[in-house]
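User: I would like to go through the assignments in this model and see what each one rests on. Please give the criterion along with the value.

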Amino acid sequence: MVNVIGLGYIGLPTALMLAAHGVECVGTDYDYSIVDALNAGKITFKEEGLEELFQKARTTGIRFTTEYQAADIYIISVPTPYDKFSKRVNPQYVMSAFRSVLSVCPLNCVVIIESTISPGTIEKYLRPLLKETFQGDKKVHIVHAPERIIPGNMIYELIHNNRTIGADDSKIGDQVKKLYSSFCQGEIVVTDIKTAEMSKVVENTYRAVNIAFANELAKICRHDEMDVYEIIRICNMHPRVNILQPGPGVGGHCIPVDPWFLVGDYPCLTNVIGEALRTNEGMPEFVLGRIYEIMKTVGINDVTRVGLYGLTYKENVDDIRESPTLQLLESQKRHLAKPLKVYDPLIISDIVDNQYHSLDVFLSEVDFVVIMVKHSEILKNAEKLKNKIVLDCCNSIFLPNVYHI
Ligand SMILES: NC(=O)c1ccc[n+]([C@@H]2O[C@H](COP(=O)([O-])OP(=O)(O)OC[C@H]3O[C@@H](n4cnc5c(N)ncnc54)[C@H](O)[C@@H]3O)[C@@H](O)[C@H]2O)c1
């Protein structure tokens, strides 16, 4: 039996996927509201295909509880934020979940850490807990199996992505590989724990640095009136060039967070990474500057006629963690400015001031729309922007009156 600890964006789909593929599974989360909702038959976040997977998994008898279970295998998928001051990974959630598992687990069980962690975290923070709890006389196999799925395409990617498994010995590695093979059709590589920890952080760092490069190009091109999108398009026709797209900032739980682990642990060796992260973090402020410039150009003086489209950190998901729009609003606040109007079709509850819940009402109250997120809704309704001034931070709307970052 598998006990999945932490039923958020990663743990819930993983638990459901296992159950839907015939693995006996119990999901544990210490948040009663999540467990109650799941037991009442309601999924806790929006994700393409999640509802169908949930209904399928429920027919297999998957259970949700706040209690930790006695199981053969545990999968820990709890948050791993970074410490804002030291920039190092904050391992407290993983340590606390691991401690709780150790208090109930049987001898020789396998504890898989799916949470993203910096290289050496298991050695430094989890092995001492194991020794402290059992004075070294009880064997628990720790494994690291980082997750790569992207919100918006999670269900497809759970099945089709390649995976990495880091284990101390290949027998345990193969046992865990067999578990993931119950649903994963991608290639599963078994390696050692530290290599698995590092590869996951490196993957997200690669993307952060590449996005920062695109953002820097956008700033250069803005300065001298060149079309950054056309330049990137042409450069990417080179067989060995693959530049990502610039944008209003980088949000989510991974790309703006995990690379900091390396900066925190190796401060003297991460100049490029540190600068890249700062470049990305500066983009919401850059967008604010663009809004001001365009207002001057088109003669809009009234800030209350400017609105931000999109609050989530990426298109077509309801996740607002580290969202560039929230960062932009925060930056406005720091300048003692009144917050701009905001609308997002996927955020139903009121989370910021001046938030709208209808596209038509929002558009009727603004003359200048800043597209922060390219939700399908706005792409389908692009003609409604015909008579507006538009700053399209996502290069998604093709109308004559559109400005870019
Ligand atoms: N969200 C993503 O797109 C994504 C992608 C790849 C990897 N990851 C990594 O996966 C990990 C989990 O991320 P997430 O987005 O699922 O987080 P999340 O915040 O959505 O979910 C974490 C869940 O863990 C629960 N929890 C925390 N401590 C617990 C404990 N001690 N016992 C029981 N439940 C506990 C919380 O209540 C929450 O429901 C992180 O390390 C993240 O970096 C996330």
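User: Which residues of α12 are buried?

Analyst: This is a predicted model, in which local features need pLDDT of at least 70, side-chain atom pairs count only at pLDDT 80 or more, and totals for chains, interfaces and linings use all residues. Residues are numbered from 1 along each chain as its sequence is written, and side-chain values use heavy atoms, with hydrogens and water left out. Buried means under 20% relative accessible area, exposed over 50% and partly exposed in between (1.4 Å probe, protein chains only). In α12 the buried residues are Met283, Pro284, Val287, Leu288, Arg290, Ile291, Ile294 and Met295. They lie on the same side of α12 because their arc around the axis is only 160°, taken from the directions from the helix axis to the C-beta atoms. Tyr292, Lys296 and Thr297 are exposed, on the face turned away from the buried side.

User: How do you know that the span of helix α12 agrees with its 16 residues?

Analyst: Helices (H or I, at least four residues) and strands (E, at least two) are DSSP runs, numbered from the N terminus. The expected span is 1.5 Å times one less than the number of residues. For α12 (residues 283-298) that gives 22 Å, and the end C-alpha atoms are 22 Å apart, so the two agree.

User: Why is cysteine 109 called buried?

Analyst: Its relative accessibility is 2%, so cysteine 109 counts as buried.

User: How many disulfides are there?

Analyst: A disulfide is a pair of cysteine sulfur atoms within 2.5 Å. By this rule the count is zero. For cysteine 109 the nearest cysteine sulfur, from cysteine 105, is 3.7 Å away, and cysteine 109 is in no disulfide. Cysteine 254 is in none either, the nearest cysteine sulfur being that of cysteine 184, 18 Å away.

User: What makes a set of residues a nonpolar core, and which residues have the most contacts inside the largest one?

Analyst: The set consists of buried Ala, Val, Leu, Ile, Met, Phe, Trp, Tyr and Cys residues joined through side-chain atoms within 4.5 Å. The largest core has 42 residues, and Leu16, Phe64, Ile112 and Tyr180 have the most contacts inside it. Helix α1 (residues 11-20) gives the most to this core, seven residues. Another core, of 31 residues, lies apart from it and includes Leu217, Val228, Val352 and Met372.
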